[in-house]
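Work through the exercises below with the sequence and the model open. Each task is followed by a solution in steps.

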Amino acid sequence: MARLVTALKARPDLLDFLQRERCLSPRMIVAAGLGVHDGRITIPVYDEDGALQDIRRYRGNAGEGEKMLAWARGTGQARLFFPPDWTRPQAGDSLIITEGELDCLAVADLGYCTLTNTNGAGSWGAATKDGDWDLAGVTVIVAGDNDDAGRKRNQAVASWAYDHG
C-alpha cells in the first residue's frame with residue numbers, strides 16, 4: 001500500500017483530478033490511502049472493522065466496464081465501502097448512501113456519515129446480503145446517480161433502508 005500511496009504523490013495530474021474533479025481534500029486523499037498503479041487511482045476497500053478487503057483501480061475516462069477494476073482476478077466481490085473514521089449511525093443521525101467510492105469519500109470529507117457499495121449500481125443487493133443493520137431513527141438520504149442504473153439502485157437502497165429501519 002505504501003508504494004501505491006507514494007506513487008500518487010509523483011502524479012500531480014491525478015492529485016489535481018482528485019481535488020478539483022472529485023472534491024477530495026489532501027487530508028482525505030491521505031486518510032483514505034489513495035494511490036496509483038499502472039495509471040489508475042487505487043482505492044483500498046476496508047470492512048467495517050477496518051481490515052483491508054480489496055483494492056479497486058479507478059480510471060475515470062475509461063469505457064463502460066473498464067472504469068473500476070478489481071486488484072486481481074478472484075477479488076472484487078460486491079461489498080459495502082466504508083470511508084475512513086466510519087462509525088455506524090445511531091437513532092437521530094443521518095446516513096448518506098452515495099453511488100461510488102469517490103463520491104462516498106467526498107461526502108465523508110465534508111463530515112457526513114456515509115457509505116456506498118463496490119462493483120457498481122447493480123451490486124447493492126449483493127453488497128448488503130450480510131450484516132445486521134438497525135436503522136431505526138436514522139434519516140437515510142439516498143444520493144445515487146440519475147441514470148437508469150442509478151434510479152434502480154436508488155430504489156433498492158431506499159427499500160433496504162426501509163426494511164432495516
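**Exercise 1.** In which sense do E1 and strand E2 pair, and over how many bridges?

Solution. The model is predicted: local features need pLDDT of at least 70, side-chain atom pairs count only at pLDDT 80 or more, and totals for chains, interfaces and linings use all residues. Residues are numbered from 1 along each chain as its sequence is written, and side-chain values use heavy atoms, with hydrogens and water left out.

Step 1. Strands are DSSP runs (E, at least two residues), as helices are (H or I, at least four), numbered from the N terminus; two strands pair if DSSP finds at least two bridges between them.

Step 2. E1 and strand E2 (residues 40-46) are antiparallel, with three bridges. Val 36 stands opposite Ile 41 in E2.

Step 3. The open sheet has four strands in the order E1-E2-E3-E4, with antiparallel pairing. Strand E1 (35-37) and strand E4 (68-70) are its edge strands, each pairing on one side only.

**Exercise 2.** State how many aromatic pairs there are, and describe the pair of Trp 124 and Trp 160.

Solution. Step 1. Rings of Phe, Tyr and Trp (its six-membered ring) pair if their centres lie within 6.5 Å; planes under 30 degrees apart are stacked, over 60 edge-to-face, the rest tilted.

Step 2. This rule gives five aromatic pairs. Trp 124 and Trp 160 are edge-to-face, at 5.2 Å centre to centre and 85° between the planes.

Step 3. Trp 124 belongs to helix H5 (residues 124-127) and Trp 160 to helix H6 (residues 148-163), so the pair ties together parts 36 residues apart in sequence.
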